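Please look over the sequence and the three-dimensional model below before reading on.

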Amino acid sequence: MPGSPRPGLPATCPWALIPLLILALMLPVDARGQEDDAVKRHLTAARSAESRQDYLSAAKEYEAILAIRPRWALIHQSLGVTLHLAGKHSQAIEALGNATELDDQLWGAYLFLGMDYYHVHRFDNAVAALRRSLAINPGVAETHRWLGLSLAATSRHVEAVEHLQRAAEAKADDPEALFSLARAYDGAANFLFERIGLLAPQSPFVYLLQAERFMADRSPRRARAEYRRALAQRPDLAGVLGDLPELGQAVTESPPRGPFADIRSEFAAGRSELPARLSRERLRAEPDSSEAMYWLGRCYKRLAAATLDRLAMVAPDSHRVDQLEAEARMDATEFPAAVEAYGRALAKRPSLPGLRFALGRAHEGLGDFGEARRWYEDELGLNPHHALARLYLGRLLLDRGQAADAVPHLRAATEASPGSADSRLALGRAYMETADHEAAIRELESVAGSDPANDRARFLLASAYRAMGRVDDARREFRRYQELSLRRLEKVRTDVRSVSDELERGVP
């Protein structure tokens with residue numbers, strides 16, 4: 001049909017059945033010259049291998065066909081999919097890239113290309129491929145899911161949520177869709193809250209967030225102090241933490257008013273989806289609005305909890321429930337419980353990428369560095385492209401005095417995520433400790449350029465300049481480091497004064 005997508009994945013194909021159902025549907029009906037006996041033999045052998053889930057043998061048959069007909073786009077696509085299913089992601093990328101060069105309407109090839117880019121942590125490439133797949137065929141839930149995951153990996157959390165919501169709507173009881181959505185809600189909320197702190201560190205919404213955190217830490221005095229600091233700037237915010245009655249309210253709550261009144265009223269009534277949508281609309285109109293970020297983040301936190309409840313209901317024995325419990329325990333620094341929960345998830349899905357890395361983080365939180373290193377290395381044995389495992393293992397080695405061993409891991413982490421300030425800062429430190437000052441300066445200048453308030457980068461950069469004899473540069477960076485340190489110290493003093501005032505007034 002003119003204008004319809006070229007052959008790809010069937011739009012209604014259940015994801016769990018891909019190995020058994022998709023490949024035959026993706027293949028051309030016509031062998032393009034059935035008189036060619038060799039092509040027919042290889043095609044029959046490929047389909048037979050697919051039915052046995054012997055994807056590497058199927059790939060060899062497709063390669064044999066391409067040796068005869070090298071410009072057959074659909075066979076390049078089928079080769080890419082078999083390599084994908086065999087876990088050969090880098091090879092799959094090459095085959096699928098060939099398919100899309102020959103036929104730029106193969107939306108199925110773009111979908112698998114996006115997935116393979118995701119697996120090797122080339123997230124920007126994944127986003128581009130998946131956007132192209134959606135442009136050709138916009139109705140595929142799995143494309144929305146993988147695009148959401150890729151956007152989240154590139155810190156585009158709010159947009160990620162919208163795609164993962166589409167995926168979950170199409171598969172209301174799918175544990176994987178619910179798991180991805182719950183994570184995305186939580187990640188988007190955390191991103192928005194952190195952004196408020198970066199854009200407006202003295203905002204009343206920063207104080208409200210700090211009040212919530214102190215209440216979670218069972219520090220009501222500090223929570224009350226932060227709450228009052230928020231109300232000193234915005235008395236109309238009284239009552240927005242009404243779900244934390246332990247705070248006590250210094251100002252009588254009044255009905256919401258102003259441009260966010262409808263959002264606050266809907267949220268107070270226990271609704272989340274409508275105020276989230278309204279907050280997104282406000283944020284699109286005012287990208288730097290702390291208030292829009294605050295309410296959208298709070299809505300997402302509530303939606304994350306509701307989605308987790310849904311997941312626990314539809315799949316109570318799923319490893320994803322254990323995984324999300326472990327992540328919540330990690331957020332609360334309850335490391336022994338996190339180790340137990342991750343262990344349960346791993347027992348259920350021993351081949352799942354990422355769980356070994358997560359166990360390494362939990363053991364590192366416990367101070368068990370030997371176990372942490374073992375789990376990071378196990379993760380890299382399963383998935384050498386895991387950039388965060390490289391970063392955490394590299395930092396662990398660096399902190400244990402093994403800078404030379406850390407450098408290859410940190411370099412690989414930086415190559416996988418060039419925009420990661422954490423990776424570049426750690427690599428700069430490692431170069432410093434191996435006396436490669438020129439390389440250290442290159443990495444640290446990049447961090448300082450992208451994050452001018454990073455006082456650690458400024459201090460290390462001053463040291464590297466001094467080691468290279470660049471005295472003026474060293475003095476300049478050390479002055480910047482001192483300025484940033486003083487600001488940080490003043491913030492701490494302000495917090496301490498606030499709590500001290502509470503104690504002097506005898507506030508319980």
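Is S150 buried or exposed? S150 is buried, because its relative accessible area is 0%, where buried means under 20% relative accessible area, exposed means over 50%, and partly exposed lies in between, with a 1.4 Å probe and protein chains only. This is a predicted model, in which local features need pLDDT of at least 70 and side-chain atom pairs count only at pLDDT 80 or more, while totals for chains, interfaces and linings use all residues. Residues are numbered from 1 along each chain as its sequence is written, and side-chain values use heavy atoms, with hydrogens and water left out.

To place S150, find helix α8, residues 141-153, in which S150 lies; helices (H or I, at least four residues) and strands (E, at least two) are DSSP runs, numbered from the N terminus. Leaving aside residues up to four places away in sequence, S150 touches Y118, F123, A126, V127 and L130, a contact being heavy atoms within 4.5 Å. A126 counts as buried because its relative accessibility is 0%. Again not counting residues up to four places away in sequence, A126 touches G114, Y117, Y118 and S150. The C-alpha atoms of A126 and D116 are separated by 7.6 Å, although these two residues are 10 residues apart along the chain.

The loop between α6 (107-119) and α7 holds H121, a residue that has a positive phi of about 65° although it is not a glycine. H121 counts as buried, because its relative accessibility is 12%. A435 also has a positive phi, of about 65°, and is not a glycine, and its place is in the loop between α22 (421-433) and α23 (437-450). What is the relative accessible area of A435? The value is 53%, and so A435 is exposed.

Two packed helices are described by the angle between their axes and the distance between the axes. Here axes are lines fitted to C-alpha atoms, for helices over the stretch in contact, and angles run from 0 to 180 degrees between N-to-C directions. Helix α23 packs against helix α24 (residues 455-467) at an angle of about 150°, with the axes 9 Å apart. The two helices α23 and α24 are therefore roughly antiparallel to each other, since angles under 35 degrees count as roughly parallel, over 145 as roughly antiparallel, 65 to 115 as roughly perpendicular and the rest as oblique. The crossing of α23 past α24 is left-handed, which is the name used if the near helix is turned anticlockwise from the far one by less than a right angle, whereas clockwise gives right-handed. On the α23 side the contact includes I441, L444 and V447, and on the α24 side it includes L460, L461 and A464. By class, this contact of α23 with α24 has 10 nonpolar, one polar and two charged residues, where Ala, Val, Leu, Ile, Met, Phe, Trp, Tyr, Cys and Pro count as nonpolar, Asp, Glu, Lys and Arg as charged, and the others, Gly among them, as polar.

A further pair is helix α11 (residues 204-216) and helix α12 (residues 220-233), whose axes come within 8 Å and cross at roughly 165°. Therefore α11 and α12 are roughly antiparallel to each other, and their crossing is left-handed. Among the residues that meet are Y207, L208 and F214 in α11 and Y227, A230 and Q233 in α12.

Buried residues make up 48% of the 508 residues in the chain.
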